[in-house]
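Please read them with the coordinates open.

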Amino acid sequence: MPKSKVRKKSVYTPPEGVLPSSAAKARAARPSPRWYAPVMIALMLLGLVWIVVYYVAGDKIGFMVSLSAWNFAIGFGAMVAGLVMSMRWR
């Protein structure tokens, strides 16, 4: 059986404006500020504590009774905000 021809491909070079500059690379690789990790963990724990308090003593706390199902949105919202922050943490 005859062998097929091998085609040579030219090396791809992207246009000038496509590659990010070295300044943009350096800016993106900087570590997070010192306060970032404690705020991230605090948001996750605050959301967890909010939901636990709502389950345990929500009927005895006046403003939690008036919020009713919005307590879940507040608790899960805080936890999701902490998780989103964890994806940006360096």
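Where is S68 found? S68 sits in the loop between helix 3 (62-67) and helix 4 (70-88); point 3 returns to this residue.

1. Basis of the notes. The model is predicted: local features need pLDDT of at least 70, side-chain atom pairs count only at pLDDT 80 or more, and totals for chains, interfaces and linings use all residues. Residues are numbered from 1 along each chain as its sequence is written, and side-chain values use heavy atoms, with hydrogens and water left out.

2. Overall make-up. The chain has four helices and zero strands, in the order α-α-α-α along the sequence. Helices (H or I, at least four residues) and strands (E, at least two) are DSSP runs, numbered from the N terminus. Buried residues make up 16% of the 90 residues; buried means under 20% relative accessible area, exposed over 50%, and partly exposed in between (1.4 Å probe, protein chains only). The chain exposes about 8,000 Å², of which carbon and sulfur atoms supply 68%. These areas come from the Shrake-Rupley method with a 1.4 Å probe, and for residues only the protein chains shown count as cover. Of the contacts with a separation of 6 or more, 67% are accounted for by residues 24 or more positions apart, where contact means heavy atoms within 4.5 Å.

3. S68. This residue has a positive phi of about 45° although it is not a glycine. Most residues other than glycine have a negative phi. S68 counts as partly exposed, at 36% relative accessibility.

4. N71. This residue is in helix 4 and is buried, with a relative accessible area of 0%. Its side chain makes a polar contact with the side chain of W50 at 3.1 Å. A polar contact is a pair of N or O atoms within 3.5 Å; within protein, one must be able to donate a hydrogen and the other to accept it, and residues adjacent in sequence count only if both atoms are side-chain atoms. Leaving aside neighbours within four places in sequence, N71 is in contact with W50, Y54 and M64.

5. V53. V53 lies in helix 2 and is partly exposed at 31% relative accessibility. V53 and M64 are 11 residues apart in sequence and 9.4 Å apart in space, C-alpha to C-alpha.

6. Aromatic rings. Rings of Phe, Tyr and Trp (its six-membered ring) pair if their centres lie within 6.5 Å; planes under 30 degrees apart count as stacked, over 60 as edge-to-face and the rest as tilted. By this rule there are five aromatic pairs. One of them is the tilted pair of W35 and Y36, at 5.8 Å centre to centre with 55° between the planes. W35 is exposed, with a relative accessible area of 52%, whereas Y36 is buried at 14%. Y54, Y55 and F72 form one aromatic cluster.

7. Nonpolar patch. I41, L45, L48, V52, Y55 and V56 form a nonpolar patch on the surface, with about 620 Å² of accessible area together. Like charges are joined within 9 Å, and nonpolar side chains (Val, Leu, Ile, Met, Phe, Trp, Tyr) within 5 Å. L48 is in helix 2 (residues 36-57) and is partly exposed, with a relative accessible area of 44%.

8. S32. This residue is in the loop between helix 1 (22-28) and helix 2. The side chain of S32 reaches the backbone nitrogen of R90 at 3.0 Å. With neighbours within four places in sequence left aside, S32 is in contact with R88, W89 and R90.

Technical notes:
Patch = residues over 30% accessible without salt bridge, like charges linked within 9 Å, V, L, I, M, F, W, Y side chains within 5 Å. Salt bridge = Lys/Arg side-chain N within 4 Å of Asp/Glu carboxyl O.
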